[in-house]
Amino acid sequence: MSEPAAGRAFLTNLYPRIVKPHGAAGVPPNLPDYQQARSAFTWEAARALLDGLPGGRGLNIAHEAVDRHALGSRADREALRWIGRAGGQRILTYRDLKAATNRFANALRSLGVQEGDSVFVLAGRIPELYIAVLGGLKAKCVVSPLFSAFGPEPLATRLGIGEGRVLVTTEPLYRRKVAALRPSLPKLEHVILVADEGDAPTEVPGTLDWRQLLEPQSPDFVIPPTAPEDRALLHFTSGTTGRPKGAIHVHEAVVTHHITGRYALDLHDDDIFWCTADPGWVTGTSYGIIAPLTNGVTSVVAEAEFDSATWYGILQRERVTVWYTAPTAIRMMMKLGIDAVRGFDLSSLRFLASVGEPLNPEAVVWGQQAFGRPFHDNWWQTETGGIMIANFVAMDVKPGSMGKPLPGIEAAIVQHNTDGSVTPIDQPMVEGELALKAGWPSMMRGYLNEEERYRKCFIGPWYLTGDLAMCDSDGYYWFVGRADDVIKSSGHLIGPFEVESALMEHPAVAEAGVIGKPDPMAGEIVKAFVALNPGFSPSEALRRELLGHARKRLGAVVAPKEIDFSPGLPRTRSGKIMRRLLKAREFGLPEGDLSTLESDVR
Ligand code: AMP
């Protein structure tokens, strides 16, 4: 796995370091001195920045995000500034958000929903989604936001694994994606539908109307005692094999959300913050809901999907100061050119950050040219619950690097030994697996009902991330690739197994193998290879049919964009598809060790 240090050192010098104006005028950074913050840091001190539930009754994410501000001087500050697809606005102050989330928590109780029950949310970025997540946390339910672009298959799998008892969604999403699944989801008792503002209540059999359910509820709710280790959030993520994994996060995670919001995103009291991620993915929950609110800032929520003019318009009009976005969107903006930015007054922007997939060094530098600030890449994953490695505001940026570990986080590049142990590699720029010393508050506490898969993530004190990376002599981390076969497409993590299974449901498909194919915009796209059953032969019409079938089942984000027919797929002796080989052949790379190859019909 490892390579000689000299082999990769050139990477660190391809682009000049962006030197930060230390001690410059303006907003003083929350983390002015990285080394000093690291050595002084304790999780106890980070925890002390939060209030805890009144009367020493524990720590609840929603109290820290909403009630402690609503009960204090920020009560009338805008918490959520929602911008609808058609340009309409809805503002929720911290006081409003407290009342609305209390109503939802009471509504759950009125339905007999108990602590520990799971509440799923499936909606675009509408205010009710935020209210349901936070209200569910107040009621001490386990909340799981689902991505609204998922097709019925990924939804059924996740609702099934998570044993969803409540689902909050909209009528169109329910009719299109969920209604037909109801018989296969016996645990799903209550479906609550949100109607558009101004529309009549929804009247769909077997469902409840959000407004009718919430209106009679009291705006007061006392959050029950919450132990820091009580379950709070369930986020699904994908592996190479098997079903998606439900990563469990607990209320104590809020300590990481809060401190990383301060350190990695440099959130200050007066900030207008915009995280463009959808709460159906972990970034949209940790940094689209929790971190900005615990830090008491105003969080912009834009319902519309990416469109550069709309986005620049939002940045300008809302006077956004801190912007957290993703490489695919940045690359799309770059493609349209700097002139498209010029017409906008974006002088309010103070800090730009990016996450989710590798951020090309060109994109970091382009940020500087287009917005007068570089994009600050940071790294984390569903399992870590919060940002682990970041380019901090007061730190020089090396374009192409993910930055340095957060205070409180110990990272290493490790090599796997033949006896099953791992050892940190202390030579700079040698590739190995990125590992983090376990024990920070937002670390997942398990994969739901999958103890074995969870245990496999740890060796000794290390949590193994599944990413390959390198660390340079200044302590900056550089992403190399995934150690497994999961695919990152436009920032979305996609498990090849889920896609292969959906393709195999089609009567024409005998076997399917799915890989990520590099793409200049999306990072990777999903590409499938299929072998056909007897009686079917390759044709353009069948290719289109299979693409359509997958799209309908999985949703556009997860479905393959390309399908190639193949007489057979390479398998190991134990019957596993050798995706590595499919990849090597697709890209003309060396085929590597073929000793486990069993069948191979090209
Ligand atoms: P997810 O759990 O969906 O958030 O995906 C996490 C994975 O996304 C990581 O394990 C990485 O493979 C990738 N990722 C996240 N942030 C970055 C980044 N800044 N650079 C490179 N890859 C990233």
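How many residues sit between β22 and β23 in their hairpin, and which residue in the turn has a positive phi? There are 5 residues between the two strands, and G475 is the one in the turn, with a phi of about 85°. Before going further, a word on what you're looking at: this is a predicted model, where local features need pLDDT of at least 70 and side-chain atom pairs count only at pLDDT 80 or more, while totals for chains, interfaces and linings use all residues. Numbering starts from 1 along each chain as its sequence is written, and side-chain values use heavy atoms, with hydrogens and water left out.

Strand β22 covers residues 462–471 and strand β23 covers residues 477–482, and they pair in the antiparallel sense over 5 bridges.

Some of the distances are worth a look. An N or O atom in the side chain of D467 is 2.9 Å from an oxygen atom of the ligand, and for the side chain of T382 the distance to a ligand oxygen atom is 2.5 Å. G356 uses its backbone instead: an N or O atom there lies 3.2 Å from a nitrogen atom of the ligand.

Strand β14 (residues 375–379) and strand β15 (residues 389–390) run antiparallel and are joined by 2 bridges. Both belong to an open sheet of 9 strands, ordered β2-β1-β11-β10-β12-β13-β14-β15-β16, with mixed pairing. β2 (89–93) and β16 (404–405) stand at the edges with a single partner strand each, so one side of each has no neighbour in the sheet.

Helix α11 (residues 282–294) lies across β1, β10, β11 and β12, running at about 170° to β10. Helix α13 (residues 327–336) lies across β12, β13 and β14, at about 105° to β12. Axes are lines fitted to C-alpha atoms, for helices over the stretch in contact, and angles run from 0 to 180 degrees between N-to-C directions.

Now for a pair of helices. Helix α7 (residues 152–161) packs with helix α18 (residues 540–554) at an angle of about 35°, their axes 4 Å apart. P152, E153 and P154 of α7 meet K552, R553 and L554 of α18, where contact means heavy atoms within 4.5 Å.

Neighbours within four places in sequence aside, N102 is in contact with K138, S218, P219, D220 and F221.

Finally, E163, in the loop between α7 and β5, has a positive phi near 50° without being a glycine. At 42% relative accessibility, E163 is partly exposed.

Conventions: Pairing = 2+ DSSP bridges. Polar contact = N/O pair within 3.5 Å; in protein donor to acceptor, adjacent residues only side chain to side chain. Buried < 20%, exposed > 50% of the residue type's maximum accessible area, 1.4 Å probe, protein only.
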